[in-house]
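Please look over the sequence and the structure shown here before reading on.

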Amino acid sequence: MELEYIEHISPILKDGVKNYLIDIDGTITDDVPNEEPERMVTCEPYPDALETINRWYDEGHQICFFTSRTENLKQITIDWLDKHGFKYHSVLCGKPRGGNYHWIDNHLVRATRYKGRFTDLVEKQVTIEVFKEDGE
């Protein structure tokens, strides 16, 4: 991973490199709940997700699958990703279940809601919630 280091500050990715955190169930394959792990083995990936994610990886972006699957399902998940040819750097389990996420971080965070198709990302102006700044 190409990072820029500044003394006493967390490293940051170099310009143009994105750190994709990608959900699995309902995003790159069927929505399979943790309570049905047998389906995690047999479900098929969405072809556009496989193609797009692997292209992002090849372009030098960081790919991390961030899933609500529990830690005991991590190996099943890794085996499935590998079987279907996904390129990635890491898998994080234990994302809170239930959606309606609001991520607070000291780094820039962008969120893209999956609505049935992986494509290149496009710019769009939207309204977002932010912390009040001094003087507001």
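## Basis of the report

This is a predicted model, in which local features need pLDDT of at least 70 and side-chain atom pairs count only at pLDDT 80 or more, while totals for chains, interfaces and linings use all residues. Residues are numbered from 1 along each chain as its sequence is written, and side-chain values use heavy atoms, with hydrogens and water left out.

## Overall architecture

The protein contains 3 helices and 5 strands, where helices (H or I, at least four residues) and strands (E, at least two) are DSSP runs numbered from the N terminus. In sequence order these elements follow the pattern β-β-β-α-α-β-α-β, and the C-alpha trace spans about 55 × 30 × 30 Å along its principal axes.

Of the 136 residues, 28% count as buried, a term that means under 20% relative accessible area, with exposed meaning over 50% and partly exposed in between (1.4 Å probe, protein chains only). Where contacts (heavy atoms within 4.5 Å) join residues at least 6 apart in sequence, 68% of them link residues at least 24 apart.

## The parallel sheet

Three strands form an open sheet in the order β3-β4-β5, with parallel pairing; two strands are taken to pair if DSSP finds at least two bridges between them. The edge strands, each pairing on one side only, are β3 (19-22) and β5 (90-92), and the twist from one strand to the next averages 25°. This angle, like the others, lies between N-to-C directions and runs from 0 to 180 degrees, the axes being lines fitted to C-alpha atoms, for helices over the stretch in contact.

Strand β4 (residues 62-66) pairs with β3 over 4 bridges, and Tyr20 has Ile63 as its bridge partner in β4. On the β5 side, β4 pairs over 3 bridges, again in the parallel sense, and the bridge partner of Cys64 in β5 is Ser90. Strand β4 is mostly covered, as 4 of its 5 residues are buried.

Helix α2 (residues 47-58) lies across β3 and β4 and runs at about 140° to β4.

## A buried loop residue

Which residues does Phe86 touch, not counting residues up to four places away in sequence? Phe86 is found in the loop between α3 (74-83) and β5, and its relative accessible area of 5% places Phe86 among the buried residues. Its contacts are with Ile28, Pro45, Ala49, Leu50, Ile53, Asn54, Phe65, Trp80 and Leu81. The C-alpha atoms of Phe86 and Thr52 are separated by 10.0 Å, although these two residues lie 34 residues apart along the chain.
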